Amino acid sequence: MSDIQVAPITEELPERPLRDRNPVGESRALALLSEEMVANPRGVLQKLAELVVELLGVSSAGVSILEPGDGEKRIFRWHAVAGPFAANLGGTMPQDASPCGIVLSRNRVLLFKRPERFFPALRGVEPRIYESLLAPWNVSGKAIGTVWAISHEPDHHFDAEDARLLRNLSRFASAGWQLVSALDEAEAGRRELERRVEDRTSALIASNQALRDRDELLATLDLGSLMARGLDGTIRFWSQGCTRLYGWTAAEAVGRSAPHLLHTIYPVPLPEIETALERNGEWTGDLHQRARDARELIVTAHKILRRDTGGHPAVVLEFLVDVTAQRRAEAALQASQRRLQELQAELLHVSRLSVMGQMAAALAHELNQPLTAATNYFQACQRLLEHPNLATIARVRQALDLASEQLLRSGRIINRLRAFVTRSAVEKRPENVAELIEEAGALASPALQDIGVSIESQVSPDARWVLVDRVPVQQVLLNLIRNGAEAMEGTETGKLTIAAERTGEMVRFSVVDTGSGLPPEVAAQLFQPFVTTKENGMGIGLSICRTIIEAHGGRIWAEPNAAGGTVFRFTLPAASEPETIDPSRGAA
C-alpha cells in the first residue's frame, strides 16, 4: 500500500474531542448561501468558501473543480478561495498531485495531516498546511469537485462536527455549480440566438440592399444606352438611353435586327467580332451607325456575351457611348497637326533658302578662286598645244590634272549647298558628330574667313555618333556658328569652339563664342519667334533651331560664358556606331 493510500487520517475524527454544534451559525450560513444563489448565482462558490472559514474557524478554504488538461491528464482549478491562498484563485494542480484527487476517487470526506509529506507539489507552500479537510460534491451522481478547509496552526485540529458541516455545505457547491452551468448554457443559448437573429437580420438587410441596388442599377441602365440582342442580332431590350441616342422607342426597336435598323458599319468583318465574343466573352470597338433622323454617329460599343445555365451563348449585352463629337475633334486635331508639320517643313525650307541667299555672295567669292585657277590652267594648255612636243604634252597633262582638282573643289562646294537647300524626307539614322561639325563649318567657312573667325572642334570619344536627321541638325549648327561668329566680329580672339560630350543617353553640343554676350531682356525670350538682336534679322532662326532639336527629343538653351560671350548648348540622342558606313558620307 502506497504512502498516498494511507495518507488520510480520517479515522481519527471520531476519537477527537467534539465541539458543540452551532445551529444558529449554521442556519445563518445556509440562509446567506440561499440569498446569494438568488441574488448572485455566480458568487455562490466564493460565498461558500468564506462561510467555511467562518463556521469552521480555519484560515483558508476553497472550492476546486476537475477539468480537462493537456492530453489525457486532468487538472483541478481553484474556482473559489478565501484566506491567505486567495492570490491563487484560478490556479491549477494536476489531479494526481493533490489530495483532491483521492477525495474524488473515494467520494467521501477525508482528513490529511501535513499533506506535503505525500504530495510534493505542496512542499514549500506558505503558509504551511498542517491539516486539510476535504469533502466531495457531486453532479448527477458523479463527483466533480471538492470543498476544502485548511488549518495553518499546529494546535488547530478538525473534528467530526467540522466534517459534518463541510459535507452539508458541499451540497450548496453542487447546487451552485449546476445553477451556474445552467446559466452559462442559457447565456450561450441566448448569445447563439442573438447571433442567429443578427445573422438573419444582416441577411435580410443585405437582401433588401441588393434589391435596392438592383432597382437602382436597372434604372441606371435604362437611363444609359444599353441594348440586349440575340445571337441573330434581334433586339430584345432597348433602354431609354438608346431612345435618346438613336430616336426609336423600345416598342419600335424590340424585335428588329440591330445591324439593319442602325445601318451599322463595323471596323472589322462581323464574323471576327462574333469569334472574339465567343473566345473572350467581350469585345470593344467603334461602330459607325445612323440615327432615325439620318444623323451619322460614331459609337463605342462594349459587347458582353452572356451564356445560359448550360454554358451556351444566349444573349449579347451592348453598352453604347456616343463619341461622334470626340472622334471628329480628334480627326480635326490630327489634320491640324499634319498641316502644322507641313508648315514647319515649309518654314525650315524657307529658312534654308534664306540662309542660302545670305551665303550666296560668300560662296560666289569662294567658287571664283577654283574656277579662275581652272580657267588659267586651260588657257595655259591652249598655249602649250600651239607648239606640241613631248615636253609640252607632259606639261599639258599636269595642267589638266590641276584644273581637274579645282573643278572638283568647286563641285564639292556646290554639292554642300545643294544638300543643305534641297528638301528631303525626314530620315533619322546614326550620323558622325565630327562630320556634322566639319560640314557645317565648311558651309559657314566663307563668312567666317571674311570676319576673321576660326573654328575649333572638340569631340569626346564616347560622343562620336548621334541618331538624327542630318540636314536639319546641320542647319542648327550652321545657324549657331554664324550667330557666334557675328557676335565675335571685331574681337581679338576670333575663335569659335564647338564641343560634343556624352551625358547619359544624350550627346550635348556646346557652341562657345567670346563675343559681347546677350542682353538680359533678350536672353529671357531668346527662342521665341521674332526675337532678334540683329538690325535686319527676322528673329526666326533660333525658334527654328528649338523646333528641330525638340523634334529629335532634345532641348536647347543658352547661358553666359564665364570668359565672356555666350554658350549655346543642345542635346541629341546618342547612337552606336553603325556596322556599315555609307561611302558617300566618309568616315570620321
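Let me start with Phe118, which has its place in the loop between strand E4 (110–113) and strand E5 (131–139); the names come from DSSP runs, numbered from the N terminus, where helices (H or I) have at least four residues and strands (E) at least two. What we are looking at is a predicted model, in which local features need pLDDT of at least 70 and side-chain atom pairs count only at pLDDT 80 or more, while totals for chains, interfaces and linings use all residues. Residues are numbered from 1 along each chain as its sequence is written, and side-chain values use heavy atoms, with hydrogens and water left out.

A word on confidence, then. The score called pLDDT is the predictor's confidence in each residue, from 0 to 100, and its mean over the chain is 82, with 84% of the residues reaching 70 or more. Over residues 1–6, however, the pLDDT is below 50, and this stretch has seven contacts in the model beyond near neighbours in sequence, where contact means heavy atoms within 4.5 Å.

Back to Phe118: is this residue buried or exposed? Phe118 is buried, because its relative accessible area is 17%, and the word buried means under 20%, exposed means over 50%, and partly exposed lies in between, with a 1.4 Å probe and protein chains only. Phe118 is also 9.0 Å from Pro99 in space, C-alpha to C-alpha, although 19 residues separate the two in sequence.

Strand E1 (residues 60–68) and strand E2 (residues 74–82) run antiparallel and are joined by eight bridges; two strands count as paired if DSSP finds at least two bridges between them. Strands of a sheet pair through backbone hydrogen bonds, either parallel or antiparallel. Gly62 has Val81 in E2 as its bridge partner, and in the hairpin of E1 and E2, with five residues between the strands, Gly71 takes a positive phi near 65 degrees. On E2 there is also a pairing with strand E3 (residues 92–94), again in the antiparallel sense, over three bridges, and here Arg77 stands opposite Thr92 in E3.

Next comes Ser151, which sits in strand E6 (residues 142–151). Ser151 is buried, with a relative accessible area of 0%, and, leaving aside neighbours within four places in sequence, Ser151 is in contact with Arg128, Ile129, Tyr130, Glu131, His156 and Phe158.

Which order do its five strands take? They form an open sheet in the order E13-E15-E16-E18-E17, with mixed pairing; the edge strands, each pairing on one side only, are E13 (454–459) and E17 (556–560), and from one strand to the next the twist averages 20 degrees. Within this sheet, strand E15 (residues 495–503) and strand E16 (residues 506–512) run antiparallel and share seven bridges, and Glu501 stands opposite Arg508 in E16. Strands E17 and E18 are likewise antiparallel, through five bridges, with Phe570 in E18 as the partner of Ile556, and Gly564, in a hairpin with five residues between these strands, takes a positive phi near 100 degrees.

Thr571 lies in E18 and is buried, with a relative accessible area of 10%. Apart from neighbours within four places in sequence, Thr571 is in contact with residues including Met506, Val507, Ile549 and Trp557.

Finally, the helices. Helix H14 (residues 541–551) lies across E17 and E18, running at about 25 degrees to E18; axes are lines fitted to C-alpha atoms, for helices over the stretch in contact, and angles run from 0 to 180 degrees between N-to-C directions. Helix H12 (residues 470–487) and helix H11 (residues 433–451) have axes that come within 9 Å and cross at roughly 35 degrees. By class, the contact of H11 with H12 has twelve nonpolar, two polar and five charged residues, where Ala, Val, Leu, Ile, Met, Phe, Trp, Tyr, Cys and Pro count as nonpolar, Asp, Glu, Lys and Arg as charged, and the others, Gly among them, as polar. H12 and H14 pack at an angle of about 145 degrees, with axes 10 Å apart, and their contact has nine nonpolar, four polar and no charged residues.
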